Amino acid sequence: MVAASPGRIARLAGSALVVLVAEPLYLLLDLAVVGRLGAADLAALTVGALVLSVVSTQLTFLSYGTTARSARRFGAGDRAGAVAEGVQASWIAIGVGLLIVVVVQLAGPAVLSALTGDETLARSATGWLRIAACGVPFILLSMAGNGWMRGVQDTRRPIVFVSTGFVISAVLCPLLVHGLLGAPRLGLSGSGWANLVGQGIAGIAFVVRVVRENASAGSGSIRPQRPLIAAQLRLGRDLIVRSLSFQVCFLSAAAVASRVGVAAVAAHQTALQVWNFLSLVLDSLAIAAQSLVGAALGARARLGEQAARDATDIAMRVTRLSLGLSLVLAAVLAAGRHLLPRIFTGDSAVLNAIAVPWWFLVVMLPLAGVVFALDGVLLGGGDAAYLRTTTLGAALIGFLPLIWLSLVFDWGLAGIWSGLTVFIALRLLALLARMRSGRWTAIELNK
């Protein structure tokens, strides 16, 4: 099966890895730069970044849903249709992105005040958020661009576009935060401006590419097309609900950690950013599976039942690779438990608090290796409704109860991270059951 050869999996995963880790890697750098300003600025950045992540990642279907739909068309030999999916996803990105900017500017202060329970912390976080939120339309345009490019298995250009934005942000951040090399010393707000500039450059590059590709592929007009947008939104509906269940949990966890203390919320959010970074490393293999599974199932009209067998084979290969990688990452975290947290902060209170979630990270990673791989497989099969239902159920049964019980019984970060561990375990059981059923291979997507 040429399409799922080890080399093809490696190229798709490598491209996805660069794209996926660029943003969290920048945030880790941002944490290290801002952390030198003190625990208060670090806490403000982590809370503000959490809200920005919540409002932008609800539109992850612009990436994952577009990949699934584009890959189906690409597997069926319809490259022009695959590119057209990217054009319409870009229109959604522009419209929704601008709406989010307006909402954040108006509602951001009240949200942050309710989230933190500390007016000083909320005020600092609001200043950063209002600047960085202006980059949301560009973030969403990058999601849409990555989505269709993964669908047509373009592994080079996404790396170039995202890496360029990342490098520019990474250079600007320390210059603007600390006033180095003659740059103005903007403090925390300098981080927001660096983030905005980098996201803008990447988003514009994706727009230019999809317009050019649309013209060369003969995909038709670049104007909005209601049928395609409606089809994408139907798939997006399930992915949005799934994403919201994640974000409600993480916002609740941040709210509880904030009420434990400034050191606790800084430690929690720093550990959570490490978790997000490692999750996206694992997700690079899942995205390779998503693209390849979508293309394999798109060839059903030509290959018949062989298409489902090819998709299942891809799923098994990627899951084994992801489990192996997760075990390696867990070993690195365990070995570096004293050294690695010091990259982000030198505050002794934060370092003491971070020891608890750090060990939970080590335990969860092998479970997450399987969960993320199978998530990618089912997304490639268009099984978003099942993922929505099971993720929501795991949140309501496992994560949320333990988070709020932690507040009531003063379990602190141990209780919060126990909830996350149960959440991952419940999702794992649900994904294994779906894989055994084989129903995910029979879903029709391009309608």
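1. Buried here means under 20% relative accessible area. Gln232 has 3% relative accessibility, so Gln232 counts as buried. The model is a predicted one. Gln232 sits in helix α9. Setting aside neighbours within four places in sequence, the contacts of Gln232 are Phe61, Arg69, Glu85, Gln88, Ala89 and Ile92.

2. Helix α9 itself covers residues 226-260. At 1.5 Å a residue, its 35 residues should span 51 Å. The end C-alpha atoms lie 48 Å apart, which agrees. There is still a bend in α9, of about 30°, at Gly236. Gly261 follows α9 and has a positive phi, near 150°.

3. Next comes helix α10, residues 262-298. It has 37 residues. From first C-alpha to last, α10 reaches 51 Å, close to the 54 Å expected at 1.5 Å a residue. A bend of about 30° falls at Asp283 in α10. This helix is mostly covered, with 33 of its 37 residues buried.

4. How do α3 and α10 cross? Two packed helices are described by the angle between their axes and the distance between the axes. For helix α3 (residues 64-75) and α10, the axes come within 6 Å. They cross at roughly 35°. The crossing of α3 and α10 is right-handed.

5. Which residues make the contact between α3 and α10? From α3 come Tyr64, Thr67, Ala68, Ala71, Arg72 and Gly75. From α10 come Asp283, Ile287, Gln290, Ser291, Gly294, Ala295, Leu297 and Gly298. By class, the contact holds six nonpolar, six polar and two charged residues.

6. Ala295 belongs to helix α10. Its relative accessibility is 11%, so Ala295 counts as buried. Beyond residues up to four places away in sequence, Ala295 touches Ala71, Gly75 and Gln153. Ala295 and Gly38 are 257 residues apart in sequence, and their C-alpha atoms are 49 Å apart in space.

7. Gln153 deserves a look at its backbone. Most residues other than glycine have a negative phi. The phi of Gln153 is near 60°, a positive value in a residue other than glycine. Gln153 is placed in the loop between α6 and α7 (157-178). Is Gln153 buried or exposed? At 14% relative accessibility, Gln153 counts as buried. Ala295 is one of the residues in touch with Gln153.

8. Leu181 has a positive phi too, near 55°, and is a residue other than glycine. Leu181 lies in the loop between α7 and α8 (188-217). Exposed means over 50% relative accessible area. Leu181 has 82% relative accessibility, so Leu181 counts as exposed.

9. Asn146 is in helix α6 (residues 136-151). Asn146 is buried because its relative accessible area is 5%. Not counting residues up to four places away in sequence, Asn146 touches Val19, Ser63, Thr67, Pro158, Val162 and Phe206. Asn146 and Leu106 are 40 residues apart along the chain, with their C-alpha atoms separated by 30 Å.

Methods. Residues numbered from 1 in each chain as written. Predicted model: local features only at pLDDT ≥ 70, side-chain atom pairs only at ≥ 80, totals over all residues. Heavy atoms only, no water. Helix = DSSP H or I, 4+ residues; strand = E, 2+ residues; numbered from the N terminus. Expected span 1.5 Å × (residues − 1). Bend = angle between axes of the 7 residues up to and from the residue. Buried < 20%, exposed > 50% of the residue type's maximum accessible area, 1.4 Å probe, protein only. Axes fitted to C-alpha atoms, helices over the stretch in contact; angles between N-to-C directions. Left-handed = near helix turned anticlockwise from the far one by under 90°. Contact = heavy atoms within 4.5 Å. Nonpolar A, V, L, I, M, F, W, Y, C, P; charged D, E, K, R; others polar.
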